[in-house]
Every structure is written in C-alpha cells, then in structure tokens.
Amino acid sequence: MTRVLLTGASGFVGSHVLRHILSTTDWDVICPLTFRHKGLPARMHSALEGHELARVRTVLLDLRGPVDGVTMHTMGPVDVIMNVASQSHVDRSIEQPDDFIRDNVALMNTVLEMARYLRPRLLLQMSTDEVYGPAAGDYRHKEWDPVLPSNPYSASKAAQEAACISYWRTYGVPVVITNTMNIIGEMQDPEKFVPMILRSLRDKTPVTVHVDSAGVPGSRYYLHARNLADAWVWLAERYLSGTVRVAQYSTGDPRPDRFNIVGEQEVDNVRMVRMLGQILGLTEGTVQSLLKPVDFHSARPGHDRRYALDGSKLAAAGWRAPVPLREALERTVAWTLAHPQWLDV
C-alpha cells in the first residue's frame, strides 16, 4: 500500500490534493496539522467527505520546528512526501517579510529533515512561477531558467528550492520540483485575487486592478487546484511504478527533475474581472463601473506585471489538465455563491 505524507492538507491547495488522492487512488495519507497558518478544519472535512476515514491519519505537528524521532517513527514508512505547505500571499510577505521568510524556510528544512529520516522514494516540492520574476513580452519561462525573485514571497520559495537541491545533492533526497501558475478553486482564502474579485462584485464595491504606468493590466495563467493535484498524482505514479527514474546526483545527473504545471491560457486582470462578472450575470457596464486601476508598483512594490511558464515538457510527457479554465471559474463561482461564508473567513 502506497503511503503519502502530505503537508498543508488543511490549506486551500493541500485539501484539493488530499481529495484527489482519496478519489483517484487507494493510497493512505498522513497529514501533519496545526491549523495555525491559514489551515482550516472545514477544508479537511470537505476533502474527507464520502471517503474511507481510515485511509487518512492526522499528526499534530508544527512544521516550523524540529521533528523528534518518536514522531517521525510513528509516521513511517512513507513512499512519497508531497510538500504543499507554505505561506503564499505576496502582500503579507511585503508587510511582514521577517516572519514570512522565516516560516517558509523553517518548514522546508523540517520537511527535508523528515525526508532524511523517512527515506521516501519521492519528494514532490510545490514551487511557483514567481521565483523566475516577471516574464517580458510573450516569453514563457522554461524549467531551470535563472531564478530572479522580486518580493519576499518569491524569494522564500526560491530559498525552498535551493534547500531542496542541496539535500538532493548532499543526502540523496529524491526531490522533484514543480513550478505552478496562479491556482484557483473552491475554498480559496479571500485574500487571493479571484475570491477578492467575487466578494467585490457581490458587494458592488471597487475592484482593484493592477496596471503599469501606461495603463496595461497585469496578466497571469490560472490553474484549478484539482489540475495541480492531478499532475502530482500522475507524476508520483510514474516515478513509483518505475516508468521514469528519479534523477540522482550520485549517478551523474546535474540537477533534480523539474516540471512546469501551467494554465491553458493567459488572462489579464481586467479580463478576469469581466469573465467573473459575466458568470455572475452582471452587465458589462456594472463591471466597468467597479474597476479601479492602480499602478502596480506603487500599490505593491516587488509586484511583477506578468508571469508565464512553458508547460511543453510536462505536456510532451503525456499529462493533460482535466479542468479547463472556463469550467474552473464556473465551478468556483457556483460553489462560492452556495457557501458565501468562505468570502468572509
């Protein structure tokens, strides 16, 4: 029986990963939890609904601190570690950089130390497109492009990547890094862009949209959280089955495996507001009246106008995203309207 240690299972992305594992595999899952860092019990309950509870084991553990040998012994053996847990909001990282960077670096060190002890066959590390900094023109960053983070959040994720690579080289930890676009979906924290738009459109309050000095809005590629989960399960199955081999420094591989997980289309900020307004049934005039353009660097120093990743490597390997963007937005809007309390958590 495959056993997965999943961090961040009570967070937005982690709960979608947990649900997808339970829905599409027979794997058992171990979830270290504290509910102190944006995790919510309701997300766990939602992920577990309709599934065999015996397949999931929770362990009270704060990943910012060291893990004792007794706790690690009770977790093992583990075949895969999936590290989703991280602080992930740019604005909060700018307002409180010390705590933000400290938390993300400390939890990464803890996860890597757990990997040294538990010796899994695979460690999947969730990273972000933001480590590369802005993508100029129509360029899309490829795996292993130069890392040039612009703000404390992206710097903390770049630090996590560096720690993973060092443990891969020094200790043989079987790391695979994935860099992912902006993730959306049900149960997302309202500080994120899509639920923030939904709340403003619902309440008919101004929708802040970041633009450059010429008035050009920022843009992103959006990906439903279930797509990230699907890609991770797909990758884990290939590595665990031996279809592909995990790269190893000891056998001459120069660096760990790395994959970009991308959304299907680029959407600028204004278009995203209009798409969500259309799904909500608002008129174009109403949406237009609520738009509030703000110079992105004045409002958010270290903000990058455009992110973009090249997803051709993972596509060439055979993975296809199961949830297209329009469906992702419609599902997110319908679910959120049915559960309005999530816009006010």
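User: Is Asp-99 buried, partly exposed or exposed?
Analyst: In this predicted model, Asp-99 has a relative accessible area of 45%. The exposed class begins over 50% and the buried class lies under 20%. Asp-99 is therefore partly exposed.

User: With which residue does Asp-99 form a salt bridge?
Analyst: The closest N and O atoms of the pair are 3.2 Å apart, and a salt bridge requires a nitrogen within 4 Å of a carboxyl oxygen. Both residues belong to helix 5 (residues 97-118), where being 3 residues apart puts about one helical turn between them. The partner of Asp-99 is Arg-102.

User: How many residues apart in sequence are the parts that Asp-310 and Lys-142 tie together?
Analyst: The side chains of Asp-310 and Lys-142 meet in a salt bridge, at 3.9 Å from N to O. Asp-310 sits in the loop between helix 11 (296-299) and helix 12, and Lys-142 in the loop between strand 5 (122-128) and helix 6 (152-171), so the parts they tie together are apart in sequence by 168 residues.

User: Which element gives the largest share of the lining of the second largest pocket?
Analyst: The second largest pocket has a volume of about 260 Å³. Its lining takes two or more residues from each of strand 9 (219-224), strand 10, helix 12 (312-317) and helix 13 (325-338). The largest share is 3 residues, and these come from strand 9.

User: How many nonpolar residues line the second largest pocket?
Analyst: The lining has 19 residues, and among those nearest the centre are Val-262, Glu-264 and Trp-319. By class, 5 of the lining residues are polar and 2 are charged, while the nonpolar ones number 12.

User: Where is Val-244 found?
Analyst: Val-244 is partly exposed, at 27% relative accessibility. Beyond its neighbours within four places in sequence, Val-244 is in contact with Arg-238 and Tyr-239. Val-244 is found in the loop between helix 8 (225-241) and strand 10 (257-261).

Definitions and conventions:
Residues are numbered from 1 along each chain as its sequence is written. This is a predicted model: local features need pLDDT of at least 70, side-chain atom pairs count only at pLDDT 80 or more; totals for chains, interfaces and linings use all residues. Side-chain values use heavy atoms; hydrogens and water are left out. Helices (H or I, at least four residues) and strands (E, at least two) are DSSP runs, numbered from the N terminus. Buried means under 20% relative accessible area, exposed over 50%, partly exposed in between (1.4 Å probe, protein chains only). Contact means heavy atoms within 4.5 Å. On a 1 Å grid over the protein atoms alone, a cavity is a set of points where a 1.4 Å probe fits but cannot get out, and a pocket is an open set with protein on both sides within 12 Å along at least five of seven lines; lining residues have an atom within 4 Å of a point. Grid points are joined across faces, edges and corners, and a volume is the space filled by probe spheres set on the points. Ala, Val, Leu, Ile, Met, Phe, Trp, Tyr, Cys and Pro count as nonpolar, Asp, Glu, Lys and Arg as charged, and the others, Gly among them, as polar.
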